[in-house]
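Here is a friendly walk through the strands of this structure and how they pair. Please keep the 3D view open as you read.

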Amino acid sequence: MYFICTFKAGVLNKVRLECSFYKREGDLAMFKDPNDRPLIAIAIGFLTIGLVAWANAPSSTQPPGTARSVTVTHDLPADYTAPPLPGMTATPIPKAGTFVDIVRDPRDLPPPIESRGPRRVKVDLRAEEVTGKLADGATFRYWTFDGKVPGPFIRVRVGDIVQVHLTNDASSAMMHNVDFHAVTGPGGGAKATESEPGATRGFEFKAEHPGLFVYHCAVMPAAQHIANGMYGMILVEPVGGLPKVDHEFYVMQGEIYTEKPFGAQGELADSYEKLMNEQPEYYVFNGAVGALSDRKPLRAKVGETIRIYFGDAGPNKTSSFHVIGEVFDRAYSLASVTSAPLTNVQTITVPPGGAGIVDIKLEVPGNYMLVDHALSRVARGLSGVLSVTGPVNVAAFKDYDPQRSAMVMGH
Ligand SMILES: [Cu+2]
């Protein structure tokens, strides 16, 4: 019996001692030589420590020859500085008062490809760690692709060869990579792009599966890299593209796990404990509270058709995406564009790491709220606005007392 221990820096002033120990028939044969007393002493020492660890480990029915793990967490002095191990260092806290706009405008996506043959397409992504505005009076250290949340909307067509390069900005504290759900290949490209600060790595893949796919950083712990903002989407258009609409929008839902409770002021640090317990303080569309309501609402006019490319980055919660006061005329369930879309749908379910596409024809002016119909999340930041202007349409909707309605708070 023997075991191997490694120290891993955790968040803040914690460090984990991870021990994997093994029991294999025949392992002790190497200690059977009676003349090799030092070896026997070492063996006894290892055996004793190993037995203590074994006794403290959860019971297992695993057969000999397989590894079991135990994790021990030690509190460290407040002035302890964890060694900078790749992918596991705590987030540095920057100077207060400096932050950037990390919100991705929902109109920020490339136009439809329409008809063209397959090509080689270059995709250059940059992992950037930036301090951004999370809510009024609160900032957060985001980990991003290209400084925005979500990352760039990538648009290719089926049959394209996509050449991906990820540059991890030299100012980063962490390792980063990118895993495309549209990729058939190891880790979706995660291993091929895993980069230390200042490095660039890449790979290429053939976009063989049409659909809307999430991409995200997958450096361990991947949930932390996703929760801190490292996600986006790639649309692989089918031959001929999707039916035309007047406006397309790019919306992604995410969770943010902060040590301080929702509504706290100042620079908010991320909480690994809440992340592991799946208890986010914030839910956000496009990275921040109010991103798609006060700051960058979706805008269109009566008579127009819109499409929302909606992704759920998670990392943990399923979204019940709904637009209050609207019905999805077409809903591409689970973002499959090679299946016929559903019609006349109220709410779509979108799993973490999944997506959906919805089309709406706008018939009545007003402000329509984008929500996850798990509505408690509205109070934790999750709402957007689709603002529709144009003439009233009493054939579709007639308010008997519009003056009174104008005084009603809310949507
Ligand atoms: Cu990352």
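In this predicted model, D124 stands opposite H165, a residue of strand 7. The two strands behind that contact are strand 4 (residues 120-135) and strand 7 (residues 161-168), which run parallel to each other and share eight bridges.

Strand 4 also pairs with strand 5 (residues 138-145), this time in the antiparallel sense, and again eight bridges join them. Here V130 has Y142 of strand 5 as its bridge partner. Strand 4 and strand 5 form a hairpin with two residues between the strands, and G137 adopts a positive phi near 80° there. As background, strands of a sheet pair through backbone hydrogen bonds, in either the parallel or the antiparallel sense.

Now to another part of the chain. Which strands make up the open sheet of five, and in what order? The order is 15-23-22-17-20, with mixed pairing. Strand 15 (298-301) and strand 20 (347-350) are the edge strands, each pairing on one side only. From one strand to the next, the twist averages 20°.

Strand 22 (residues 366-372) and strand 23 (residues 384-389) are antiparallel and pair over five bridges. Y368 stands opposite L386 of strand 23.

| Strand pair | Sense | Bridges |
|---|---|---|
| Strand 4 and strand 7 | parallel | eight bridges |
| Strand 4 and strand 5 | antiparallel | eight bridges |
| Strand 22 and strand 23 | antiparallel | five bridges |

Terms used:
Residues numbered from 1 in each chain as written. Predicted model: local features only at pLDDT ≥ 70, side-chain atom pairs only at ≥ 80, totals over all residues. Pairing = 2+ DSSP bridges. Helix = DSSP H or I, 4+ residues; strand = E, 2+ residues; numbered from the N terminus. Axes fitted to C-alpha atoms, helices over the stretch in contact; angles between N-to-C directions.
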